[in-house]
Amino acid sequence: MRTVEKPWGHELIWAHTSRYVGKILHIREGHRLSRQYHRVKEETLLIQSGEMELEIGPQEAVEKRRMIKGDVFHVVPGTIHRMIAVTDGLQRLFSSRLPGAGWLRNAGLQMTARFPMIRQALAQH
């Protein structure tokens, strides 16, 4: 594992392969990441603690979604998005760099949707 300091907090990179990256983002209260999108990469966010606002879409039609512990959001390629910390918090981030590598993320999303106790357990760790 390695820690990467950022202006908004830090990333704890716990997995890094040629196909995917697993990170825990610590975003300090009141800080935000840049608005971004990815041409190929997919991301899945799991709010582990704290509260954040997720901005989705272009600036002229941005959707704001309040997310709390246990909430999950799948960012498909091409989706403009930005994370803003309402409180100090930890967000687990799983991203796949290859179009075909999303099967693992999709399986995890299905499991957390089908079995709430798995979602609760993930949010506690």
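A polar contact of 3.2 Å links the side chains of Lys23 and Glu11, the term denoting a pair of N or O atoms within 3.5 Å, where within protein one must be able to donate a hydrogen and the other to accept it, and residues adjacent in sequence count only if both atoms are side-chain atoms. The model is predicted, so local features need pLDDT of at least 70 and side-chain atom pairs count only at pLDDT 80 or more, while totals for chains, interfaces and linings use all residues. Residues are numbered from 1 along each chain as its sequence is written, and side-chain values use heavy atoms, with hydrogens and water left out.

Lys23 belongs to strand S3 (residues 20–27); strands (E, at least two residues) are DSSP runs numbered from the N terminus. Lys23 counts as buried because its relative accessibility is 17% (buried: under 20% relative accessible area; exposed: over 50%; partly exposed: in between; 1.4 Å probe, protein chains only). Leaving aside neighbours within four places in sequence, its contacts (heavy atoms within 4.5 Å) include Trp14, Gln91 and Leu93.

Elsewhere, three strands form an open antiparallel sheet in the order S6-S5-S8, pairing being assigned if DSSP finds at least two bridges between two strands. Strands S6 (63–68) and S8 (81–85) each have a single partner strand and stand at the edges, so one side of each lacks a neighbour in the sheet. Six bridges join S5 (residues 51–56) to S6, and Glu51 stands opposite Ile68 in S6.

The loop between S7 (72–75) and S8 holds Gly78, which counts as partly exposed because its relative accessibility is 47%. Gly78 touches Tyr37 and His38, not counting residues up to four places away in sequence.

Terms used
Helix = DSSP H or I, 4+ residues; strand = E, 2+ residues; numbered from the N terminus.
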